[in-house]
Amino acid sequence: MDLRQELMEGRAVVPSAGAVVPAEGQHPPYIVVNGFSSEVEPVTAYLRNLALGDCSPLTGRSYAYGLLRWFRLLWLLGTAWEKATEAEVAVLAGWLRSARNPQRQRRSSQSSAAGAVNIRTGKASLGPGYAPRTINHALSVVSGFYEFHGHQGRGPVVNPVPASPQRRRVLGHRSPLEPAPVLGRARLRQKVADRPPRSIPDLLWDELFAAMGCERDRALLDFYVSSGARAEELLGVGLEDIDWSGQKIYVISKGTRAREAVPASPAAFLRLASYLDQRGTPPPGEPLWRTRHGQDRPLSYWAMRRVIQRANAKLGTNWSLHDMRHTAAYRMANGGTLKLEEVQAVLRHANIQTTNRYLTVRVEELFDVMAAHYAKPRTPTHYAVGYDPSDIAAVFGA
C-alpha cells in the first residue's frame with residue numbers, strides 16, 4: 001500500500017510541520033510559515049487578498065489553518081503547490097474522513113465518549129474525527145486559494161478542487177425568499193445532515209441556571225437567553241454599551257462588525273446591576289465581565305465555556321454556549337408574541353429562512369400528547385347488522 005492510500009485509510013500521519021503566526025502588519029493579520037520558519041509566499045498573497053477585501057481577521061486565521069493543513073499534505077507527498085491535481089485533493093478528503101481530530105481527544109476519564117448521545121439532552125457529543133462541514137470547509141479554502149492564483153495567472157490551469165457548475169448557476173440567480181433547490185454535490189464534497197437547532201427545555205434550563213455559582217454567571221445567562229446575543233458578542237460589551245433606560249445593549253455583530261442595539265429582559269439588567277454592585281465597575285473601555293480569581297482581566301470565551309462545562313459535569317448534560325442563542329431564538333419564535341420578521345431583527349439574521357428554522361416542535365413537548373395518544377383505547381370496528389360473525393372472522397380475522 002503506497003503513502004497516498006495509507007493516508008486515505010487513516011494509517012499514516014501527516015507531520016505537524018509549519019505554523020500559523022501573527023503577521024507584522026494587518027494585511028494579512030496572519031501568515032503561514034513552513035518547518036524552517038520561512039513564510040509561505042503563495043499563502044500570504046491569498047490571505048492578503050482576503051484582508052484587503054474587508055475579510056474578518058478570524059476568517060483569515062481560519063483560512064490560514066486550512067491552507068497550512070493543505071501544504072503539510074503537499075510537503076509530505078513531495079508535490080509542489082502549483083502542480084497539485086484532483087488526486088491530491090482526493091487524498092486530503094480521504095485523510096480528513098479517516099483521521100482523528102486531535103481537538104476531540106478526551107483527556108478526562110469522566111468525559112463521555114466521542115460521538116455518544118447524552119441521555120438527558122438528546123445531543124450527541126462531537127465525533128472523534130473531522131465533521132463533514134469541516135471537510136467541506138477545507139475543500140472550499142483550497143478551492144478559493146487556487147481560484148485566486150488562477151486569476152493571477154499562477155498555479156495549475158484547472159482548479160484541482162472539483163466544482164458543480166449546475167449548482168453555481170442555480171444558486172447564483174436564486175432569490176433568498178425561495179427555498180434552496182436540491183442539487184447534486186460536487187465530487188469529494190461530503191453529505192451534511194440538516195438538523196434543526198436544539199434549544200434547552202425550560203426544566204433543564206432552570207437546572208442549568210441554578211447550577212451557576214455567582215451573580216456574574218447568572219446575569220450572563222439571563223442576557224444570553226433574553227437577547228439572543230452570540231457568546232463573543234456579549235462578552236465584549238462594556239459599560240458604555242449599556243442603555244439602562246432603553247433596556248438594551250450594544251454589541252459588535254459577527255460578520256458585519258457593526259455596532260447594533262439588542263434588547264434584553266428587565267431581569268437581566270437587574271442581575272447586571274447586582275453584579276456591578278458586588279464587583280464594581282470596570283475601567284472605561286474595558287468589558288463588563290471580569291474574572292473572579294487571580295489578576296483582574298476580561299472574561300474570555302474559553303473561561304465562560306469552562307463555566308458551562310463545570311455545570312454540565314454537575315448536571316450530567318452537554319450544553320454549549322451557542323445553545324443559549326438557540327434557546328432565545330426558539331422562545332421568541334414560538335412564544336406567540338413576536339412576528340417572525342421581528343425575531344429576525346432581534347437575532348440579526350441576514351436571511352429570514354434562517355429564522356424560520358426555529359419554528360419547530362421539540363420532541364420534549366410531544367411527550368404529554370403522545371402519552372395521551374398511547375393511552376387512548378382502540379375504536380371498536382362495527383359491521384352492518386345481518387352479517388354472520390363467523391363469516392366476518394373468516395374474512396377479516398378474529
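The expected span is 1.5 Å times one less than the number of residues, and helices are DSSP runs (H or I, at least four residues; strands are E, at least two), numbered from the N terminus. The model is a predicted one, in which local features need pLDDT of at least 70 and side-chain atom pairs count only at pLDDT 80 or more, while totals for chains, interfaces and linings use all residues. Residues are numbered from 1 along each chain as its sequence is written, and side-chain values use heavy atoms, with hydrogens and water left out.

Twelve of the 13 residues of α8 are buried (under 20% relative accessible area, with exposed over 50% and partly exposed in between; 1.4 Å probe, protein chains only). Among them are Leu220, Leu221, Phe223 and Tyr224. After α8 comes Gly228, with a positive phi near 75 degrees.

The largest nonpolar core has 39 residues, and Leu208, Phe223, Tyr224, Leu234, Ile249, Trp289 and Met304 touch the most other members. Such a core joins buried Ala, Val, Leu, Ile, Met, Phe, Trp, Tyr and Cys residues through side-chain atoms within 4.5 Å. At least two residues each come from α7 (202-210), α8, α9 (231-235), β4 (248-252), α10 (266-279) and α11 (301-315); α8 gives the most, with six.

Elsewhere, Met370 lies in helix α15 (residues 367-375) and, at 32% relative accessibility, counts as partly exposed.
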